Amino acid sequence: MPNIYKLGDDYLMLANRLADTADEDGVIDTTLLPVVSEAKELVESKAASIGCVVKEISAYKAQIDDEIKRLTAMSKTLGNRIDYLTGATSAVLQACGIERVNGVHAVILFRRSEQTVIDDESELPDEYTTTKITVTPDKTKIKNAIKAGQAVPGARLVEKLNIQIK
């Protein structure tokens, strides 16, 4: 079966041809009606089939999303366990003055590093700070303003048709 674009083009061509058969009184040649009707049924049938495919893919995507959530939660739990075990081990080893442990399957050691700690950001001189400014359009306010009759330069409302497949 042809794709929906081809079927739609065929239907529109036939519908236009049917409209072109109208005489000056607006009476059309009815011999094309069955062909146009059949073309419309093909478009509707193809759309219904696509709807079924979309529903199937949506269900599969929902399963994947659920699995991602499950795995993300599991990963977070494992990360928390790693942080807890590492922190507890570090605290005990430091309290005991042990800097290196050579195990059969793991070596634990401390390496020295430096970390910058900011105690109070407001006391820092400007040369040691950066400023981030983010400007984002407030689409809700813009929509409400336009609906209220206000002109908003650089914005407009567009009515759309959103397909729903249930």
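Is Thr116 buried or exposed? At 69% relative accessibility, Thr116 counts as exposed, where buried means under 20% relative accessible area, exposed over 50%, and partly exposed in between (1.4 Å probe, protein chains only).

**Before starting**

This is a predicted model, in which local features need pLDDT of at least 70 and side-chain atom pairs count only at pLDDT 80 or more, while totals for chains, interfaces and linings use all residues. Residues are numbered from 1 along each chain as its sequence is written, and side-chain values use heavy atoms, with hydrogens and water left out.

**Stop 1: helix α1**

Select residues 4–20, which form helix α1. Helices (H or I, at least four residues) and strands (E, at least two) are DSSP runs, numbered from the N terminus. Helix α1 has 17 residues and reaches 24 Å from its first C-alpha to its last, close to the 24 Å expected at 1.5 Å a residue; the expected span of a helix is 1.5 Å times one less than its number of residues.

Next, colour Leu7, Gly8, Leu14 and Leu18, the buried residues of α1. Seen down the axis of α1, these buried residues fall within an arc of 130°, so they line one face of the helix; the arc is that of the directions from the helix axis to the C-beta atoms. An α-helix has 3.6 residues a turn, so residues three or four places apart point the same way. On the face of α1 turned away from its buried side, select the exposed residues Tyr5, Asp9 and Asp20. The cover over the buried residues of α1 includes α2 (33–96).

**Stop 2: the loop between α1 and α2**

Select Ile28, found in the loop between α1 and α2. Ile28 counts as partly exposed, at 33% relative accessibility. Not counting residues up to four places away in sequence, Ile28 touches Leu18, Thr21, Ala22 and Leu33, contact meaning heavy atoms within 4.5 Å. Ile28 and Leu18 are 10 residues apart in sequence and 6.9 Å apart in space, C-alpha to C-alpha.

**Stop 3: helix α2**

Move on to α2, which has 64 residues and reaches 93 Å from its first C-alpha to its last, close to the 94 Å expected at 1.5 Å a residue.

Within helix α2, select Thr72, which counts as partly exposed at 47% relative accessibility. A distance drawn between the C-alpha atoms of Thr72 and Thr86, 14 residues apart along the chain, gives 21 Å. Just after α2, Gly97 takes a positive phi of about 75°.

**Stop 4: the loop between β2 and α3**

Return to Thr116, whose place is in the loop between β2 and α3. The C-alpha atoms of Thr116 and Ala62, 54 residues apart along the chain, are separated by 44 Å. Thr136 lies in the loop between β2 and α3 (139–147), and is exposed, with a relative accessible area of 60%. Between the C-alpha atoms of Thr136 and Lys46, 90 residues apart along the chain, there are 41 Å.

**Stop 5: the largest pocket**

Finally, select Pro137, Lys139, Ile142, Lys143, Ala155, Arg156, Leu157 and Val158, which line the largest pocket. A pocket is an open set of points on a 1 Å grid over the protein atoms alone, where a 1.4 Å probe fits, with protein on both sides within 12 Å along at least five of seven lines; lining residues have an atom within 4 Å of a point. About 170 Å³ of space lies in the largest pocket, the volume being the space filled by probe spheres set on the points, which are joined across faces, edges and corners. The lining divides into 5 nonpolar, no polar and 3 charged residues; Ala, Val, Leu, Ile, Met, Phe, Trp, Tyr, Cys and Pro count as nonpolar, Asp, Glu, Lys and Arg as charged, and the others, Gly among them, as polar.
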